[in-house]
Amino acid sequence: CEVGTYKTAAGAGSCAVCPSHTSSLIGSNELTDCKCLPGYTVASDGVACSACTAGAFKHVVGTAACETCPANAESSSGSALCQCSAGFTGADGGPCSACE
């Protein structure tokens, strides 16, 4: 099966598409191989993925929790990185300092 799909049975048959906001590696054979994309974390049901809330981020694929943006940074819902707030500067995802 291609990236973003899985197939649980051997033999002929088609691959199933991973649920929304998830992906899998080539050759995946279980629904549990579909992992949450960056910007999304496992929902309370343990299967679906929900977007990180505004002000939080997740930069990796998997079941990790969303993290709160550092001081002077912000993000929109479903973000993989935080950006410096207005009046502050720094690399996306890095520390932000006041503009001079």
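A nonpolar core is a set of buried Ala, Val, Leu, Ile, Met, Phe, Trp, Tyr and Cys residues joined through side-chain atoms within 4.5 Å. Buried means under 20% relative accessible area, exposed means over 50%, and partly exposed lies in between (1.4 Å probe, protein chains only). The largest nonpolar core here has six residues in all: Phe57, Cys69, Ala73, Cys82, Cys84 and Cys96.

The structure is a predicted model, in which local features need pLDDT of at least 70 and side-chain atom pairs count only at pLDDT 80 or more, while totals for chains, interfaces and linings use all residues. Residues are numbered from 1 along each chain as its sequence is written, and side-chain values use heavy atoms, with hydrogens and water left out.

Contact means heavy atoms within 4.5 Å. Setting aside neighbours within four places in sequence, alanine 73 is in contact with Cys82, Gln83, Cys84, Ser85 and Cys96.

## Disulfides

A disulfide is a pair of cysteine sulfur atoms within 2.5 Å. Searching the whole structure gives six disulfides. With the bonded cysteines of the chain numbered in sequence order, the pairing reads 1-2, 3-4, 5-6, 7-8, 9-10, 11-12.

| Cysteines | S to S distance | Angle about the S-S bond | Handedness |
|---|---|---|---|
| cysteine 1 and cysteine 15 | 1.9 Å | -90 degrees | left-handed |
| cysteine 18 and cysteine 34 | 2.0 Å | -70 degrees | left-handed |
| cysteine 52 and cysteine 66 | 2.0 Å | -80 degrees | left-handed |

Helices (H or I, at least four residues) and strands (E, at least two) are DSSP runs, numbered from the N terminus.

A disulfide joins cysteine 1 to cysteine 15. This pair links distant parts of the chain, 14 residues apart: cysteine 1 is in the segment before β1 (5–6), and cysteine 15 is in the loop between β1 and β2 (16–17). Cysteine 1 counts as partly exposed because its relative accessibility is 29%. Cysteine 15 has a relative accessible area of 32%, so cysteine 15 is partly exposed.

Cysteine 18 and cysteine 34 form another disulfide. Here too the pair links distant parts of the chain, with cysteine 18 in the loop between β2 and β3 (22–23) and cysteine 34 in the loop between β3 and β4 (35–36), 16 residues apart. Cysteine 18 is buried at 8% relative accessibility, and cysteine 34 is buried with a relative accessible area of 12%.

Cysteine 52 is joined to cysteine 66. Cysteine 52 is buried, with a relative accessible area of 1%, whereas cysteine 66 counts as partly exposed at 24%.

Cysteine 99 is partly exposed, with a relative accessible area of 46%.

## Other residues

Threonine 41 lies in strand β5 (residues 40–42) and is buried, with a relative accessible area of 15%. A polar atom of the threonine 41 side chain lies 2.8 Å from the backbone oxygen of alanine 64. Not counting residues up to four places away in sequence, threonine 41 touches several residues, including Cys36, Lys58, Ala64 and Cys66.

Lysine 7 lies in the loop between β1 and β2. The lysine 7 side chain reaches the backbone oxygen of alanine 9 at 2.8 Å, and a polar atom of that side chain lies 2.5 Å from the backbone oxygen of glycine 11. Leaving aside neighbours within four places in sequence, the contacts of lysine 7 include Cys1, Cys15 and Asn29.

Serine 97 belongs to strand β12 (residues 97–98) and is partly exposed at 42% relative accessible area. Beyond neighbours within four places in sequence, serine 97 is in contact with Gly87, Phe88 and Thr89.

Technical notes. Polar contact = N/O pair within 3.5 Å; in protein donor to acceptor, adjacent residues only side chain to side chain.
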